[in-house]
Amino acid sequence: MSILIQQTTILTMQEAEAPFTGDIRIEGSQIVQIASHIMPQPEDEVIDGRNKLAMPGLVNAHQHSPMSLLRGFSDDLKLMDWLERKMLPAEARMTPEDIYWGAKLGIAEMIRSGTTAFADMYIHMNEIAEAVTETGIRASLTRGMVFMEDDGGRRLQEAIDLVQRWSGKANGRITTMYGPHSPYTCPMEPLREVVAMAVQDEIPLHIHLAETKEEVEKIRSRYDMTPTEYLEESGMFERAHVLLAHGVHLNPQDISRLKGMRGGVAHNPVSNLKLGCGIAPVEAMIFEGITVGIGTDGAGSATTLDMFEEIKVACWLQKLDYGDPTRLPARQVLDMATRGSAKLLSLQNEVGMLAPGYKADLILIDLAKPHLQPIHNVESLLAYSVNGADVHTTIVDGQILMQDRKLLTIDEDELYREVNTRAKRIVEGV
Ligand SMILES: CSC[C@H]1O[C@@H](n2cnc3c(O)ncnc32)[C@H](O)[C@@H]1O
Ligand SMILES: [Zn+2]
């Protein structure tokens, strides 16, 4: 299978490269050539790229995809009330089939809004892996583990099963991580056990960190440490690749502790705003050389999975926080949502950039829209004006998943029937 995208505006996201007009050739799962003009071959599926912009697919660095079933079910609560009184009871009622359909709903929204890879943390991961396999998207999957009650090792075993059964599956589109949920749900002993497993199996870790002031107070009163010190104490930063979700409440010493870490921080600005958590010190982390990517968090808090919305809000928050519009400029935030997030998923040599040898994970944005004209500066349009609904075509691993806004691997009528019936049953009585 080969695809030739002709005469499109190309933003490769390679270091300091400006947008230019040209062609992109895809063979199998890879980009093989990018040039001003490429001769079509008889077997090529040709895509007319005029009035469009090609860029790397966005990488959502922190998600709970089945929470799309809980979108709009519980709003305007503090994080702990929202989580303990609403989300956890609803999740306890979800069957493995619910998780499959919830993940598929999340994936449909991601493909429609230009996300080609995501990092997920949830339960019933076999069903999420099936949804990823069928739909064609790329994902790094994590079984989230809360160690607040003895479950006879069930969660840990499920995490191990996920890693053993699914790493490298779906033509390599699925990778895995180990996922202790957070400092406040993981006592030190099981946390150290998971770190040791990650080191032994060479599998990255994915964990929430310092999302709220209440978390900081809780960890201070339990252990007399900041949440970041607590995780450092487990040895994870020096021993493993770690994907930290949120990192909102970090003091300067915490930021220093993260310096030099493998992995980095997934910034989830919309979820942080909606749950009233605060503004993450994104510029300060970047200044210290820490990789910062962008995620949405689950649709239960963020309410949408549109990464273009996150990109805008990420910029606005830093500008507002510093009272300085020069903070977090367009190119830098695009870099975070592509190359930065790709590094958090350990995929920096495969996705997040358009170049020969990279995976063909890319999107075409339709520029023939009033809010995207005139075209002074493509990066500015992408950061401040484009919405997920402007994505025209989504390609992952060389497979077209959406063309002219039609999903090719998901039956949307069936999807909406399933999720509405299931969502109603799940929240009844919660
Ligand atoms: C055990 S699987 C993951 C677990 O995380 C919960 N969750 C979703 N959003 C957040 C958030 O913003 N902070 C902390 N935990 C969150 C989700 O409901 C699952 O139970
Ligand atoms: Zn989360």
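**Charged pairs and their labels**

Guide: Glu158 has a relative accessible area of 29%, so Glu158 is partly exposed; that label lies between buried (under 20%) and exposed (over 50%), computed with a 1.4 Å probe on protein chains only. This is a predicted model, where local features need pLDDT of at least 70, side-chain atom pairs count only at pLDDT 80 or more, and totals for chains, interfaces and linings use all residues. Residues are numbered from 1 along each chain as its sequence is written, chains are lettered from A and ligands numbered from 1 in the order in which they are written, and side-chain values use heavy atoms, with hydrogens and water left out.

Visitor: What makes Glu158 and Arg143 a salt bridge?
Guide: The rule asks for a side-chain nitrogen of Lys or Arg within 4 Å of a carboxyl oxygen of Asp or Glu. Here the N to O distance is 2.8 Å, so the pair qualifies.

Visitor: Why is Arg143 called buried?
Guide: Because its relative accessibility is 6%, Arg143 counts as buried.

Visitor: Why does Lys78 count as exposed?
Guide: Lys78 reaches 54% relative accessibility, so the exposed label applies.

Visitor: How many salt bridges does a search of the whole structure find?
Guide: That search finds 28.
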